[in-house]
Amino acid sequence: MRISIGSDHAGFNLKEEIKALLAEMGHEIDDAGARSAQAHDDYPDVGIEVAQKTASGEVERGILICGTGIGMSITANKVKGAYAALCHDEFTARLSREHNNANILVLGGRTTGPDIARAITRTWLETGPQGDRHLTRRHKIIEYESRASAEEEENGSGRLKIIDHPLIQHKLAIVRDKNTNVKDFRDLVQEIAGLMVYEISRNLPLEKIDIQTPIRMTTGFSLAGKKLAVVPVLRAGLGMVEGIVRLIPNAKVGHVGAYRDPNTLSPVDYYCKLPTDISERDIFVLDPMLATGGTASYAIADIKKKGGRRISLVSLIAAPEGVKKVSSEHPEVDIFTAALDTCLNEHGYIVPGLGDAGDRLFGTQ
């Protein structure tokens, strides 16, 4: 594991102790300073550097040390995607990973002795995150962070929206089950996609219209002439189309063919057919599994080349790596998903995920 570690002058001696432990455990070390106990490194400078490296994925974990750990905690948690936990014992270290999935450990050089600091660090590095209610709570933090960040941007950055409606979560749990058969899997994917329509279409503009009811005239509402397009990424995206067009029957359907090379995990395109007036439409790109993000990002870029401008991405399950990829390459695109899972495994599959959505939809291997 590649770990970035940093301290100010007050945390230098403990930093050197922890570096020795990391070397013993076989981790790759990125030392962000301080270089000595007499150095004048300000903790905000070191804290921001380590937090940015961790949040961006340049390193897998971060460790920060100052006199009490409080200053480093405050600093690191200002960086989007950095989740720093100040730990005083093995119990808090374990729970910071199990419950909070903290990616940065913070220690107090003047409050924590070297032996307990080593035990805290070892426990923290060897503990993984738990799912269930803890995953739901972490999702709420990530969703708020993304929403708040988007509101602060003046250029209209895209949002990450996790649709956690109870019906969707109930059906998603059945979809995840490896024992769910092909027919039920296919039906449930369509049902989830249909339920997600209510959220992905929430901001469509309305106009007032006059209606004659059996009793009297009244005022109602109609979609304000918006043209919509649904574009599944072949082949797994096809499983979501029917559930959406059932509720938006006037939407035109395009198709983008791209697959992920199993060796390089990079996207390979083979087909693109879109409505001729795609530039005039609000576009929903459908990709059930936002894993590495490469295929979805490639599909969005392809649609942009054909004139598409107002694009949203709709998935059933996303990984943080995929969200980061799409958001960095297409920052204006809104991402809607029913679940944000923990990570990717070595084969590029979402964990815990649901396996290969295309194979489960069509009964192939």
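Trainee: In which element of the chain is confidence lowest, and in which is it highest?
Mentor: The model is a predicted one, in which local features need pLDDT of at least 70, side-chain atom pairs count only at pLDDT 80 or more, and totals for chains, interfaces and linings use all residues. Residues are numbered from 1 along each chain as its sequence is written, and side-chain values use heavy atoms, with hydrogens and water left out. Confidence is lowest in helix H6 (residues 133-152), with a mean of 71, and highest in strand E5 (residues 104-108), at 98. The score, pLDDT, is the predictor's confidence in each residue, from 0 to 100. Helices (H or I, at least four residues) and strands (E, at least two) are DSSP runs numbered from the N terminus.

Trainee: Where is the pLDDT below 50?
Mentor: That applies over residues 152-156, a stretch with one contact in the model beyond near neighbours in sequence. Contact means heavy atoms within 4.5 Å. Where pLDDT is low, the predicted coordinates should not be read in detail.

Trainee: And what does the chain average?
Mentor: The average pLDDT is 90, and 96% of the residues score at least 70.

Trainee: Changing topic: how many helices and strands are there?
Mentor: The chain has 12 helices and 18 strands. Its C-alpha atoms fill a box of roughly 80 × 50 × 40 Å along the principal axes. Of its 365 residues, 49% count as buried, where buried means under 20% relative accessible area, exposed over 50%, and partly exposed in between (1.4 Å probe, protein chains only).

Trainee: Is glycine 33 buried or exposed?
Mentor: Glycine 33 counts as buried because its relative accessibility is 0%. It sits in the loop between strand E2 (28-31) and helix H2 (43-56).

Trainee: What is glycine 33 in contact with?
Mentor: Leaving aside neighbours within four places in sequence, glycine 33 is in contact with Ile5, Gly6, Ser7, Lys15 and Val46.

Trainee: Where is leucine 86 found?
Mentor: Leucine 86 belongs to strand E4 (residues 84-86), and it counts as partly exposed because its relative accessibility is 26%. Not counting residues up to four places away in sequence, leucine 86 touches Thr68, Gly69, Ile70, Ser73, Val106, Leu107 and Gly108.

Trainee: On to helix packing: at what angle do H7 and H8 pack?
Mentor: Helix H7 (residues 166-176) and helix H8 (residues 182-200) pack at about 155°, with their axes 10 Å apart. H7 and H8 are therefore roughly antiparallel. Angles under 35 degrees count as roughly parallel, over 145 as roughly antiparallel, 65 to 115 as roughly perpendicular and the rest as oblique.

Trainee: Which residues of H7 and H8 meet?
Mentor: From H7 come Leu167, Ile168, Lys171, Leu172, Ile174 and Val175, which meet Phe185, Leu188, Val189, Glu191, Ile192, Leu195 and Met196 of H8. The residues of this contact of H7 with H8 divide into 11 nonpolar, no polar and two charged. Ala, Val, Leu, Ile, Met, Phe, Trp, Tyr, Cys and Pro count as nonpolar, Asp, Glu, Lys and Arg as charged, and the others, Gly among them, as polar.

Trainee: How far apart are the axes of H4 and H5?
Mentor: The axes of helix H4 (residues 90-98) and helix H5 (residues 114-126) are 8 Å apart, at an angle of about 20°. H4 and H5 are therefore roughly parallel to each other.

Notes
Axes are lines fitted to C-alpha atoms, for helices over the stretch in contact, and angles run from 0 to 180 degrees between N-to-C directions.
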